[in-house]
Amino acid sequence: MKDHLRELLTRAVLALQNEGTIAKDAPIDVQLERTRDKQHGDFACNIALTLAKRLRANPRRLAEQITAAVPASDQVERIEVAGPGFINFFLAGDAFRGVIPRILEAGDAFGHSTLGQGRSIQVEFVSANPTGPLHVGHGRGAAYGAAVADLLAAAGFRVHREYYINDAGRQMDILAASVWLRYLELCGERLPFPSNGYRGEYVHDIAKTLHGRHGDELHASAAVVMANLPPDLAADGSGDKEAHIDGLIARAKEILGGVRYRLVFDAGLHSILGDIRDDLQEFSVVYAEWFSERSLIESGEVDRVIERLRAGGHLFQQDGAWWFRSTDYGDEKDRVLVRENGQATYFAHDIAYHAGKFERGFERIIDIWGADHHGYVPRVKAALSALGYDASRLDVLLVQFAILYRGDTRVQMSTRSGQFVTLRELRAEVGNDAARFFYVLRKCEQHMDFDLDLAKSESSDNPVYYIQYAHARICSVLRQLAEMGLSEDTTLGLNGLHRLGEEHEQQLIGRLSQYPETIENAPLAHEPHQLAYYLRELANDFHTYYNAHQFLVEDAELRNARLTLIRAARQVLKNGLELLGVGAPDHM
């Protein structure tokens, strides 16, 4: 309907341009919004206000001229000019009914559009360090990122979903050292475990697998391993935990050598990464590519991008390190790219990764990061600008952490407390559907309180249950039809849509007509919660209709018209839930 009204207004303005009332170079930008108050019609447009400012004309007078030039349409009952120059459309009584046959004809594709015109977008999300299992914070990023990507695809964009594997750098070396120390314990050695090593039970499990495969091949005595290491952080505050763990990493590399150290390193990486892959796949989050950070180093891409910045005069040397002049591009301070020991920083790796995204030809790039990375955005954009890329093509969306509650009681996010912390444990408790839906109920930048008891409840207060129940209820009505020995006549139903004059029917039909707009607005704003709220309202409209009227009435035309309407509602519920990664059950 919005497209139809947009076309009518465009033709009206073109007609006024051709007769000289409006300058021919005036841009035609038709923006239509649904009105909140039906007294102002069904749709409102402010084109007269925007054109009047450019043309230095009276906006209300211009609105009257545009209104008079709008071609006649059997979908429009009347048009009124309101206030300073708003154009309000009052639609004919059956204007929205045409959405029903369109829904049934399009089926699973209803709501999809060509808005994106096939433009390529890369969406990178989750990208958690493979140093431990995914936790509930990662879960929110996964659900949000998947929904944003799927909505963009539904809006006609060509979407490339990517996970950046942080398989290089210090954190991975800390994991490798932690695994090796646990392995040495299995070899009979007794060693103090570093205060900032990885302590999870999964590290013990990886060490057991490593020992099972290689026996004592990687063994070294505790005395040799610990000799002359910087002291770890002690209870009295003495010692240096960072220097201690770095010393352990260096000792592991020295004792094991390149090949054997890589065995330990890869044992940790592959075990945890495999676990992450399984977790995400079971959460219905699928990627086109898992991109390795290590590949950037091994291919020389990191060195090449550093050299490009150096050749462009964007680096300077200080205290033996190479620094990027990121303050030249609005960052709060300059950043180290190469340390005094000659090692490139994680930031250098990230620059190479993002430069590669541009080189791969993506027209737009979306990074979905945790909210604690907000200070990292300016430096990445600064580096891209220095390399000559258009940094405005990169959007960074920051996702706040999710806080778990049982009713009014906050769940302590600690494995030591005996409460769950992993995404896998959350899914086991509330199910994939509730987790996926609850995670996208808020804007990504808003803090989120996740009520576990509510997510498991079978009540109208639980939005995902309420929506799924609407879908299941419709399926139940269609089963009852067969049980009564009746059959559905879709042709009779479509021909009888004029019988749907009840207030609840009009409300439901109007809501169905809003779905395509939602599937355009939500991805452009990167706000899957718009779709979640829409589905909640659609379910409410259906439940209200269900409670007020009988569907399986004796009047065959009315019965089939109502069945046609609720079948269309079922299709839209299913389509919307699937875009959010949520199932649409037939029974509940």
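Which residues of helix α20 (residues 515–524) are buried? In this predicted model, the buried positions of α20 are Y515, E517, T518, I519, A522 and P523. An α-helix has 3.6 residues a turn, so residues three or four places apart point the same way. Just after α20, H526 adopts a positive phi of about 55 degrees.

The overall architecture was examined next. The protein contains 22 helices and 15 strands. Its C-alpha atoms occupy a box of roughly 90 × 65 × 40 Å along the principal axes. Of the 588 residues, 50% are buried. Among contacts with a separation of 6 or more, 72% link residues 24 or more positions apart.

The crossing of α4 past α22 is left-handed. On the α4 side, the contact is formed by I100, I103 and L104. On the α22 side, T564, L565, R567, A568, Q571 and V572 take part. Sorted by class, the α4 contact with α22 comprises six nonpolar, two polar and one charged residues.

The second pair is helix α7 (residues 201–214) with helix α9 (residues 241–282). Here the packing angle is about 125 degrees, and the axes lie 10 Å apart. That angle lies between the perpendicular limit of 115 and the antiparallel limit of 145 degrees, so α7 and α9 are likewise classed as oblique to each other. The α7 and α9 crossing is right-handed. From α7, the contact draws on Y202, I206, L210 and H214. These meet L263, V264, A267, G268, S271 and I272 of α9. The contact between α7 and α9 divides into seven nonpolar, three polar and no charged residues.

Two histidines were then inspected. H543 sits in helix α21 (residues 529–548). Its relative accessibility is 4%, so H543 counts as buried. Leaving aside neighbours within four places in sequence, H543 contacts Y466, Y469, A470 and R473. H543 and Q317 are 226 residues apart in sequence. In space, 68 Å separates the C-alpha atoms of H543 and Q317.

H314 lies in the loop between α11 (301–311) and β8 (315–318). With a relative accessible area of 15%, H314 falls under the 20% cut-off and is therefore buried. Not counting residues up to four places away in sequence, H314 touches L309, W323, F324, R325, Y329 and A386.

How many disulfides does the structure hold? The count is zero. A disulfide is a covalent bond between the sulfur atoms of two cysteines. C45 is buried, at a relative accessible area of 1%. C475 is also buried, with a value of 4%.

Terms used. Residues are numbered from 1 along each chain as its sequence is written. This is a predicted model: local features need pLDDT of at least 70, side-chain atom pairs count only at pLDDT 80 or more; totals for chains, interfaces and linings use all residues. Side-chain values use heavy atoms; hydrogens and water are left out. A crossing is left-handed if the near helix is turned anticlockwise from the far one by less than a right angle, and right-handed if clockwise. Helices (H or I, at least four residues) and strands (E, at least two) are DSSP runs, numbered from the N terminus. Contact means heavy atoms within 4.5 Å. Ala, Val, Leu, Ile, Met, Phe, Trp, Tyr, Cys and Pro count as nonpolar, Asp, Glu, Lys and Arg as charged, and the others, Gly among them, as polar. A disulfide is a pair of cysteine sulfur atoms within 2.5 Å. Buried means under 20% relative accessible area, exposed over 50%, partly exposed in between (1.4 Å probe, protein chains only). Axes are lines fitted to C-alpha atoms, for helices over the stretch in contact, and angles run from 0 to 180 degrees between N-to-C directions. Angles under 35 degrees count as roughly parallel, over 145 as roughly antiparallel, 65 to 115 as roughly perpendicular and the rest as oblique.
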